[in-house]
Amino acid sequence: MDFLRPASWEEALAAKAEHPTAVPIAGGTDVMVEINFDHRRPEYLLDLNRVGELSEWEVGEESVRLGASVPYTRIMENLRGELPGLALASHTVASPQIRNRGGVGGNLGTASPAGDAHPALLAAGAEVEAESVRGTRLIPIDAFYTGVKRNALAPDELIRAVHIKKADGPQQYSKVGTRNAMVIAVCAFGLALHPETRTVRTGIGSAAPTPVRAKAAEEFLNAALDEGGFWDNGKIITPSVAKQFADLCSAACNPIDDVRGTASYRRHAVGIMARRTLTWTWESYRGTAAHTEGVA
Amino acid sequence: MRVNFTVNGRPQEADDVWEGESLLYVLRERLGLPGSKNACEQGECGSCTVRLDGVPVCSCLVAAGQVEGREVVTVEGLAEFAKQRAEHGGCATGSCGTSLDEARRWESKPQDSHTGEGGELSPIQQAFIDAGAVQCGFCTPGLLVAADEMLERNPTPTDADIREALSGNLCRCTGYEKIMDAVRLAAARQSEAV
Amino acid sequence: MGTTGTPTNLTQGSRTRGGIGESTLRPDGILKVTGEFAYSSDMWHEDMLWGQILRSTVAHAEIVSIDTGEALATPGVYAVMTYDDLPTEVKNYGLEIQDTPVLAHGKVRHHGEPVAIVAADHPETARRAAAKIKVEYRELPVITDEASATAPDAILIHEGRDDHHIGHVPHPNIVHRQPIVRGNVEEAAKKADFVVKGEYTFGMQDQAFLGPESGLAVPAEDGGVDLYIATQWLHSDLRQIAPVLGLPEDKVRMTLSGVGGAFGGREDLSMQIHACLLALRTGKPVKIVYNRFESFFGHVHRHPAKLYYEHGATKDGKLTHLKARIVLDGGAYASASPAVVGNASSLGAGPYVVDDVDIEAIALYTNNPPCGAMRGFGAVQACFAYEAQMDKLADKVGMDRVAFRQLNAMEQGTVMPTGQVVDSPAPVAELLRRVKAMPMPPEQQWLTAGEAADVRQLPGGLSNTTHGEGVVRGVGYAVGIKNVGFSEGFDDYSTAKVRMEVVGGEPVATVHTAMAEVGQGGVTVHAQIARTELGVAQVTIQPADTQVGSAGSTSASRQTYVTGGAVKNSCELVREKVLELGRRKFGTYHPAWATAELLLEGGKVVTDGGEVLADLVDVLGDESVEIEAEWRHRPTEAFDLRTGQGFGHVQYTFAAHRAVVEVDTELGLVKVIELACAQDVGKALNPLSVLGQIQGGTTQGLGIAVMEEIIVDPKTAKVKNPSFTDYLIPTILDTPTIPVDVLELADDHAPYGLRGIGEAPTLSSTPAVLAAIRNATGLELNRTPVRPEHLTGK
């Protein structure tokens, strides 16, 4: 095993180009577990800790450019306004110690369906900034997950940042685990309201081979909200709409039975979380609308 | 490979380090600092918690090569760390939240981390003893580092705050009640001292 | 860094009396908070090697061949050993039945069984070498439950058994069977107005002590070996290790290192023999440290169980009869299975008066992971079942669940189903009354001053699954009975060596036992006993080792009773000698030396009237008084193999719990809000430690109620979740406040009237939580742990 310690992003890209099998390590919260338990012996470890810019973020007009290694703790503390869904998701990651080390780049690189950030990224809308010595490209989050623990990165590419749309409406995130802290998701659900485009987006974790959106559910809800004039009248979403949305979210799952939970439970739980997060976000939207518009 | 870094204020050099070794292994097996504990080696118990550039992390998940040039504080250096913090004003103002950035700027001074001698205990260490929060003690070092850092950020925590801050540290002996007592005790003594 | 890190003497002294009944602080506390306390995994020696164990990847197979050539040829590797390299004819070990191979011979019987061992200069070298050992397996069908174990054509897990249980078991794949029969169940059942039948399942729990198995073996010049180890019983280890090494016991010198928790999981050997074998083979110190993955294979677990119960009651709520069948899965090797069977059967009726009883308990041999000791063994599984039965019966009779239990509660004088008369306080009804009388926790604690709910106070916690939706509160009660000490005629004794002398102008007592301090606080209590009995401030607790006689096991809630009793006894003998010395030196100066009852207090010899006769410093002068003596509790009897009758247990211990839970009924997530406990401890020698034991034991019971389970694939008998990622134990956010009401009713048979306390809270905690969840959901829930899919029906 060789330990590569690039001092800059350019050096990191060069190293990855020279050694495409090199395994990037930043927070170490996935890679080191695999090494400690003898599940993996990479030829090269590519340490990204010395590349300081990976731990920085920029808040732009439309989106936040979030460095791949920005620790979850920082997202929780600093980006709750811009990225509320991701901030909530970050708070569910493992433990304080892990949140101090791990970042979204690691979740994306590992591309485990159980990664906590994925549903929030899918719901908010995001692009992954991948770079190699050949150049930079932005991969839409919907095209990023290609299979169980597989992603759209080329062997010589590294994740530099994620561009996440700034919230234009309420966002929520829920995760089911069998412990009240420090737990891997049995399944998870992210929901973002986008009042500017009058759309909703979803993200489902741990209930399919990859993180997925519940597109049929989104389309249904977009249409129902539109038809009922809900975005304007700010009415309570009817239980039948919420139920239909929840059912369609359940139907978007393609889960398995494993030690953490059964497939049918995952489908069920995703439906419950979909209904609850819809209620929370919509109530928040109504409250905000009422406040800003001065309507009782 | 060779790794140079600072532990408890003292420069350290580890040689012939295998690239897959963790910071925890280097501390325990190469530097004679076994206070940080090897309970799960997968980031699920917090027993190996140390401060890396001021930030509490699981040292089992930090690759040894990643600590080159960085500052580590272990339980062996906790008393001295707390003493210096107190001398530097620490929490005296009552507004002693420490951000990750501020924490990273902290620098330690040398002390004899091998014997831990010359040492008074830090307030959190004393509180753990007094409250009966120590049984087998294997979780204790990690809990102390985590609890000390929490009290640095949040000197008047609610019970829910304490539970959240320590939710990454497993204890199998105590049922956590005496650990809660210890942290409350340390917080109360801290505020009395102001 | 050039020396072995050996445990230090623990000295503690204070101006206060610090005797029994006070919450004195741990003598090892400072070392433990500064990181200096040397646990077994902290041992280090110049030039030491690292040992690694190669374990079977399948559960049941014949070993066709083992090729170690490539492993041995790896640079940095000093030794590779298999069964063929074992030095003597003794190749097995075991607590009661020596059925466990040191290294697999011809066959593996469970997933993760040790097959070969390697010593190398770095753990990674050892791991890589172990991976190069080629083992060819011919797989056999796996036996995983009672049906497959006792089928007429079942493969025998152990061919040619010749242990002392084989004569009375109905099938060679049954380790031990114990019936408990009293009265006439069939006749009594006719009197029942209500009958409740239930079938219960108890999952496989892991001790999950935080300090993984580890130790350091150092070869000695005399051909022997020094072993620094974390264990629960040094002398039991020694008895099993020495014959395999071919060494006399005095050449295997064992020293207790810091023990990172035990809970039963260190009663059996783990890496002890392997480290010694490699050290003797290579002539170098060898350290072995399991990681968490290996730890799940490195020790026995709590027996999973199927329990079939039938209770009857009259319409006024009196129990009429009990029929029970308890099937414990012992896995591939016997370990403590016979004792677990003894407890499950003899305590299977719980703390209730029921005259007509027919209980049968068996432990199976299967290809599942070996199971043995864990906190409360046998009694834990039974309590889960009988307490569920009590709730069901109370409901049928139409009585309050607590009142129903109180009506049937045993008390001092009750005759157990074994025929044993309970001859010390058994305040079962009172414990229930006390736990019920505690104030209830406030409702809806998640509501905050602002709009947002505090999710940390809700089911799901930080995962943000509910802001109150679907959340229903439930309350449940349970009570249990556990035996203290080793039972069924076992010669259960401890040894204590106590010395008294003047050091630095002060009288000092030194206590030396082989008691394994695993966190329970025995070292604290020994010092307190010495202060009380010898009137000194300074007490030195010497490290536990095999240079002193056996202290028995740190298990069965027995150490304060038995080794505490031994320390008390040796102190009393030392005191007599000191007083004799005093009489010789000063007897002529004061008549009270001859006539009064004399005590040692505050460093002086005093009369029972409080008059000071002499300073201990003057009495002792340059002399030191030392006594090493064994002490045993009153004998017990084996249970009759057909009827289970006999004076089997030396003491009983009781705890009751009230659980308050909040269940997210839609998602099936549980938050335990409070787990109140009332327990009779006889006499609290150290009240702070007592609380720590009760709260810790309660939390382990909570774990098996809602999250902890080793999941074994029924098709392959392989463990599916050997990690802290998927074997979950409660975090501080899962653990509620645990108010404790301690009752102290003396047991006149025990030292200071004390009662063993460590295990009882683990019994009743689990069924109380389950009862509360049932109360919240209306579901029957006949298995533990309860998982979200059980609560949602999905």
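This is a predicted model: local features need pLDDT of at least 70, side-chain atom pairs count only at pLDDT 80 or more; totals for chains, interfaces and linings use all residues.
How many of the 794 residues of chain C count as buried? The share is 63%.

Start with the overall form. The C-alpha trace of chain C spans about 80 × 75 × 65 Å along its principal axes. For 794 residues, a compact globule would have a radius of gyration near 28 Å, and chain C, with 27 Å, agrees with that. The fold is built from 19 helices and 32 strands.

| Domain of chain C | Residues |
|---|---|
| domain 1 | 49–140 + 212–259 + 266–294 |
| domain 2 | 146–206 + 301–380 |
| domain 3 | 422–484 + 651–792 |
| domain 4 | 493–632 |

Now look at domain 1 of chain C and domain 4 of chain C, whose C-alpha centres lie 40 Å apart. These two domains touch: 13 residues from domain 1 of chain C and 14 residues from domain 4 of chain C take part in the contact. On the domain 1 side, helix H6 (234–245) and strand E14 (252–256) of chain C each supply at least two residues. What kinds of residues make up the side of domain 1 of chain C that touches domain 4 of chain C? That side has six nonpolar, five polar and two charged residues.

Terms used:
Residues are numbered from 1 along each chain as its sequence is written. Chains are lettered from A and ligands numbered from 1 in the order in which they are written. Domain bounds come from an automatic or database domain assignment. Two residues are in contact if their C-beta atoms, placed from the backbone, lie within 7 Å. Helices (H or I, at least four residues) and strands (E, at least two) are DSSP runs, numbered from the N terminus. Ala, Val, Leu, Ile, Met, Phe, Trp, Tyr, Cys and Pro count as nonpolar, Asp, Glu, Lys and Arg as charged, and the others, Gly among them, as polar. The radius of gyration is taken over C-alpha atoms; the globule rule is 2.2 Å times the number of residues to the power 0.38. A residue is buried if 20 or more other C-beta atoms lie within 10 Å of its own, exposed if 12 or fewer, and partly exposed in between; C-beta atoms are placed from the backbone.
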